[in-house]
Amino acid sequence: MTDENRGHEADDAEGRTPSGQPDGRGGAGATSEFSRPEFLPAGQPPPPPVDRSHAPSHGPQGYGEGWSQLGEPPGRARWGGQEQEGPGYEDWTGRQAPPPASGWGDPSGRTHRDTAIFATPGGLPGNQPPPPSRAQGLGPGWAPPPVPGGPGPYDGTFGGRAVTERRGPRTGTLAVLAVLIALLASAAGSFGTYLLTRPGNSDLDPSYRLGTAPSGSNSRAPESIAGVASKVLPSVVSLSVNAGTSSSTGSGFLIKGGYIVTNNHVVAGAEPNNSQIQIQFSNRKSTSAHVVGRDPESDLAVVKPDETFGAPEIALGNSDNVVVGDPVVAIGSPLGLTGTVTSGIVSALNRPVQAGEENSTDTTWLSAIQTDAAINPGNSGGPLVNAAGEVIGVNSAIATLGRSLGGQSGSIGLGFAIPVNHARRVAEELITTGSAKKSRIGITIDQSYQGTGVRIDTEVRSGTQPIEPKGPADNAGLKPGDIIVEINGTVLQDGYELIALIRNKAPGEKLTVKFQRGGQEKTTVVTIGAASPQPTPSPS
């Protein structure tokens, strides 16, 4: 390293002469860089210079040049003190030399092959100079080269100790450290995942409990919906009809004698006396059945199951006593879901509805009970019962906003049932005669009329007179062209409503008819008659 420019007095005080500065005592040290000093045996004069032009050297200098930097040659007390004997050393040739008379033979004052610096025994006796306070290295390569197998590096302190050369960690230690780092990384990752996935609030309570369910009873009041359902369900059945190329499902209910009432459009595809009908009762038991009789005009039919499995018959009510607002319960198998119970109220009466399958010749108009109890495909033929569990209607049709692709749409809260008084009469006639009478008053309706009420036609059409001679209407005094405005106090809106009201009545019943003729309003009473009977499927 480079020394600052100082005088010889300072150099003498530190025991060396800076590089690049001539020695005031005649040394030849005027070089631009340090060179390693030559080591001589103590008490011997330096040998003559050696020509090193062909040999490697640490700098262009002779033996005397090293001593120009280290002070006086060995054997002389520079400060005038008594020389101290010290251990021997090797010169640059590697030969063992006698021990020097002073510890200054080695620039550091240490023995050969020993990295420890030691002080003169007993400290610094006499006028021995103190160690340099600002000793600095003499440049690269100033010390002897290390000997293989010799001591380790010097720790750099005056009077210090040898520093043991450190070695890197062993392979086993590295493996243990790697495992520990992996475990710590895994634990840190798991903890981080927990912090990210734990709930964002502190509302969790490990001791939270809702308690046990309260005790109670399954019994219900008979007039409740649950009470009505438990009473009626055992009498309700589901029907499945396989007609080869087509099939249908529906509902029904068991009446006196083991007969089942259902809709005509449910069993219309079944052949007479052919066991293509399967009936399933509420206890999940099934049996075959056959058609007893059906009436397409009223959309009613009666079938006979092979077994009833002890199921009770249902109670029939009186539909004439029903009023708007009465609570009702609908039971059936919508979409094949047997034993489905829905509830609602009677939302209207005497609603003219087209019953039967659409686009079929077996369609008719009937005066129905309207309800908001949910009725869906599969409910057809099932009972609509009152709060006493009595049948007041036979579920038959629903109003929809349109048909879904490939099938019917569901309930929109407008369901229609055939009044049970009409169903009672038709069922009795089908069981006793195999056919049902058709109620008529013997008139032909003018379909072109657009005014209020229903006008009797004035022309003969297809050989049919506007008023049947000697028929109910003729006997009551009605004439072609008369406009019927009311039936039993119900104002007529169109001819379909008139047809529905008449078919809802049994032959022999009387109707109070209000009509207009020549601008005058008149009233008459018409006794309902029966049309000529037509053959219907019946047991052979």
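Helices (H or I, at least four residues) and strands (E, at least two) are DSSP runs, numbered from the N terminus. The model is predicted: local features need pLDDT of at least 70, side-chain atom pairs count only at pLDDT 80 or more, and totals for chains, interfaces and linings use all residues. Residues are numbered from 1 along each chain as its sequence is written, and side-chain values use heavy atoms, without hydrogens and water.

**Barrel**
- Six strands close into a barrel in the order β7-β8-β9-β12-β11-β10, with antiparallel pairing (two strands pair if DSSP finds at least two bridges between them).
- β7 (residues 327-332) and β10 (residues 383-385) pair in the antiparallel sense over two bridges; Ala330 has Leu384 in β10 as its bridge partner.

**Helix α6**
- Helix α6 (residues 420-433) has 14 residues and spans 19 Å from first to last C-alpha, close to the 20 Å expected at 1.5 Å a residue (1.5 Å times one less than the number of residues).
- Buried residues of α6 include Val420, Ala423 and Leu430 (buried means under 20% relative accessible area, exposed over 50%, partly exposed in between; 1.4 Å probe, protein chains only).
- Just after α6, Gly434 has a positive phi of about 85°.

**Aromatic pairs**
- Rings of Phe, Tyr and Trp (its six-membered ring) pair if their centres lie within 6.5 Å; planes under 30 degrees apart count as stacked, over 60 as edge-to-face and the rest as tilted. This rule gives two aromatic pairs.
- Phe281 and Phe309 are edge-to-face, at 5.6 Å centre to centre and 80° between the planes.
- Phe281 is buried at 4% relative accessible area, whereas Phe309 is partly exposed at 28%.
- Trp365 and Tyr496 are stacked, because their ring centres are 4.4 Å apart and their planes at 25°.
- Trp365 is in strand β9 and Tyr496 in helix α8, 131 residues apart.
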